[in-house]
Structure formats: structure tokens, C-alpha cells
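User: Please go through the model shown below, taking the strands, the helices and the confidence in turn.

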Amino acid sequence: MEKENTTAPENNSPFRGPGGLKVSNNELKALGINDVKILENFSRVANGLLKHAVMDKPEILANLEALIDDPMPYALKKGGKFKNLAESVINLRKEGKFVKQQRSTFALKEEIADFPVWGLEHIEVGALAQMKTAVKLPIAVAGALMPDAHQGYGLPIGGVLATTANTIIPFAVGVDIACRMCLSIFDLPAATVDTEADMLKGMLMDHTYFGIGCTTKSYHDSSLFDSKTWGETKVIRNLKDKAYAQLGTSGTGNHFVEWGELTLAEGALDGIPAGNYLALLSHSGSRGFGGSVADHYSKIAMSKTKLPPEAKHLAWLNLDNDEGQEYWIAMNLAGEYASANHHEIHNKIARALNLNPLMRIENHHNFAWQEQLADGTPVMVHRKGATPAGPGVLGIIPGSMSTPGFVVRGKGDAASINSASHGAGRLMSRSAAFKTLDKAAIAANLADKRITLMGSDVDEAPMAYKDIHAVMAAQSDLVEVLAKFEPRIVKMADPKEKPED
């Protein structure tokens, strides 16, 4: 890993000035500042504070917005950084100048656009209501709802939303940016999961780490951190050390690493004969790095884009502005980082097994992609808990700890915006699972399916999830099933860990 660069970044990016990120005139104009002289004064103060690291850009803009709304508290604050600006605004208003401008709330479309739903009988009313709100956004172009859908923040889990190409919604990407699946197929018989169970359990114990804030001490490949992107923005720079410490770790909630039996038909995957193979499957995302990025830019989006209460978590950022570009850079880096996390786990275990995998398959399911609709319209496609399923695209759709997952190939269905479900989807909330599920019944289910469970709690029990077979049947026109994965040795976070997914 390269040493963290603490010097001022080179001024080689449109998002940087000599002291880092700059407050642009367009951002100040968005606050209602149009007079050239006033604009110059605001810019000088804002970028002076930024240059000398007195406060960060979001805090500066938030203070300027509040000052324009009500300058008096800032004018009365002795020694305040914005005192002179506030006094000038008050004086200008006494002269009838710089009249306060109302920043209007974005209105939703009055009519709900049609959007297709797969597996309607499996989807709760709340998720449908959230999707109906999402397609009423003024930037919405198309939407679709997958059969594993359930309520989330803003966009439902299992929701797919295409917006205008230059807009992106942090909460429609999700809090765990680039949460993904990764499968390694080994040239060992599936029976290895029984004949060498202790060895395989030991590998999970030695090479996987779960929980909020957990870290690793050794790395297989940390070359991702040589990328110059880690110096692109202040937010990314501040999170680099945390990301490095957590490389190769997994989160809580439904994140897992597990051994299982993969059943493969002839010709399903190029170069791999039909048969039953030992396989390793993992599910996790971009850890504290992605979560912090999501939190930071979701707050900015909601402060910049005012929406009715029911849509407030669907606030967007514009890629034409600095914040939108910053988030886009950070989101894509989180995607690379999430992939590197999985590769660390899989490569360490493959090394311990002394065997390289025959094939590795992986896919994101909390991300945004710049794509085109079938008619050629350029859009930003948000898949929050949805798997990319373009023509020929491989992906993995897991079930639960005691039900199968599937390797799939996308059929490129235009109505679904080239998407499919990301799993079985929750049947009940975590709190409902704790209140209603019986630990003895859960243990009996795991024993019946010959599952060895390491970690986890009642809220991740198989009964808390929808029937994966019903979910797959509901989306047979979206994906082709190539192989079936049966979990056998499952490791998850300890029950004491609070879910973060």
C-alpha cells in the first residue's frame, strides 16, 4: 500500500482547486445568488474557508444556505466566519437588493407511470408504494420491480429505476454500495464438503472476518490502493485508511461466506464439464468505506434536492455538479473495492486449499450504471438489490442459509431494464423474525438440510426469507438457470453484531 498523501492535491482535476475541492459559482447560484459582486464575495469567503481547511465543502454550503435564509444569527455572532457576509446581506436587503428567493420543492409527477412487476403475489404493499413514488420523480424515465422486493429507504430493495442520464440517487444505489456476490468453482468433488468438513471449516475460521469495524492484518493483494483515485476527493482520502484496514472482511446481517455443492449441467459453463463441484460463495459489499460515502452524499442530496416527504430519500445529485461527480467517482471506487474484498477472501482460501478455481463468477447488486434503454435513450440505471441480467450476462442469485442459490445467465428483457432479483428477499422484518421464529425449529431445519452454521442469529433464519423457488419461477423470462448451489458450511457475523445491511 502506498503511503497516504497528505500534501495538497495537484490541480489536474475539474473538481479541484489549489486547496482541494472548490465551491463553484454554479453551486452558489443554486442558492439564489445571481448578482456578480455578491457572487464574488460569497466565493471568496467560501473558498478561503475551504483552502485553509476551516470546514469542509458541505458544511460551508449548508451555512451559506442558512445565512441567505436568515442572516441575522450570523451577523450577531462575534468573530464568526460568515459575519461580514451576513451583514452585507442585511444591508442589501434594506436597500431592496438581494431579496430572498424561495427555493421551490421539486414536485412529483401527478400520474403514476406504468412499471412491470414480477411475482406480484410475493411483494408487500409497502414496496409497491415506494416504487410508485419513485417512478413519479421528475427525473424518472422507467422502473421495474423484481420478485424479491421488499421495503427499503427510498427505493425498495429489488427496485430498478432508470433516471435521466446525468442524475444519480444515492439511496437508490443503497447504503452498502456495490454489495455483491462472488462464486469460486473448484475442481474437487462436492463430497469434499463432507469428507473434509473440518478442514473447510478451519479455512473459513482462518481467512474470513465479520462485523462492524473488523479488520485484517495481512493481505493477498492490496494493489487497488495504488490507484490515484484514492486521492480524488477529500471524502475518499479521509476513508482510505479505514478501507485498507477492512480489505478482505465482510459485514453483518445477511453477509456470508460459505462452502457448498454446485450442480452443473453439460454445456452450462464454457470449459467446465457437467458434474457436482465444491464451490465457495460469498456475499458482502464495500464495508465502512461504502457506508460512509453513502451517508455523506445522501445528506448532501437531500439538502440540495427538496422533495415531498414521501420521496425525500429519493433525492438526487446532478453529474453536472461537483457533488454528483464526487459521488460517481466514490461509488465506482466502492465497486472496485467490494470486488477486491471478495477476491481477498477467495484468493486466501484458494491458497490454503492449494488449488486455483476453475472459474470465478461475480456481480454487483447495489449500484448505478450508465446504460441505454431499448429505444436508445441514455439513462442512469439504479439496481438496489437487483442483479444485472443483460443478454448473456452471468450472475448469482442466492437463497438462504438452507436453500439453494443459482448461477444464472441474463436474457436481456427490456421491460425489466435488463435486471433480475438479487436473492430470495425477506419475508419478514428482523424484529418480526425475533418475535415469531422458534430457535428449535430453525435448528431442526438446518440439521435436516445438513447445514453447519457458524455465527448468525434468528433474524437470518431460512424462514425469514421468501421461497427462492417461487422467486425463480416468477422471473423465468428474465434469467436462465445454469447451475444450482446448495449451502453446506455457512459462516456469518456473530449474533452480538448489529445488522448493517
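User: Which residue takes a positive phi in the hairpin of β11 and β12?

Analyst: This is a predicted model, in which local features need pLDDT of at least 70, side-chain atom pairs count only at pLDDT 80 or more, and totals for chains, interfaces and linings use all residues. Residues are numbered from 1 along each chain as its sequence is written, and side-chain values use heavy atoms, with hydrogens and water left out. The hairpin has 5 residues between its strands; strands are DSSP runs of E with at least two residues, helices are runs of H or I with at least four, and both are numbered from the N terminus. The residue with a positive phi, near 95°, is Gly 376.

User: Over how many bridges do β11 and β12 pair?

Analyst: Two strands count as paired if DSSP finds at least two bridges between them. β11 (residues 366-372) and β12 (residues 378-384) run antiparallel, and Phe 367 has Arg 383 in β12 as its bridge partner. The number of bridges between β11 and β12 is 7.

User: In what order do the strands of the open sheet lie?

Analyst: β4 (residues 157-164) is joined to β12 by 6 bridges, with Gly 159 partnered by Lys 384. The edge strands are β3 (140-150) and β11, each pairing on one side only. The 4 strands pair in the antiparallel sense, in the order β3-β4-β12-β11.

User: Which strands does helix α12 touch?

Analyst: Helix α12 (residues 322-353) packs on the sheet, and its direction makes about 110° with that of β11. Such angles run from 0 to 180 degrees between N-to-C directions, with axes fitted to C-alpha atoms, for helices over the stretch in contact; contact means heavy atoms within 4.5 Å. The strands touched by α12 are β11 and β12.

User: At what angle do the axes of α2 and α3 cross?

Analyst: Phe 42, Ala 46, Leu 49 and Leu 50 in α2 meet Lys 57, Ile 60, Leu 64, Leu 67 and Ile 68 in α3. The axes of α2 (residues 36-51) and α3 (residues 57-69) come within 10 Å. Their crossing angle is roughly 150°.

User: Over which residues is the pLDDT below 50?

Analyst: pLDDT is the predictor's confidence in each residue, from 0 to 100. The protein averages 91, and 94% of the residues score at least 70. The stretch with pLDDT below 50, which has 35 contacts in the model beyond near neighbours in sequence, is residues 1-20.
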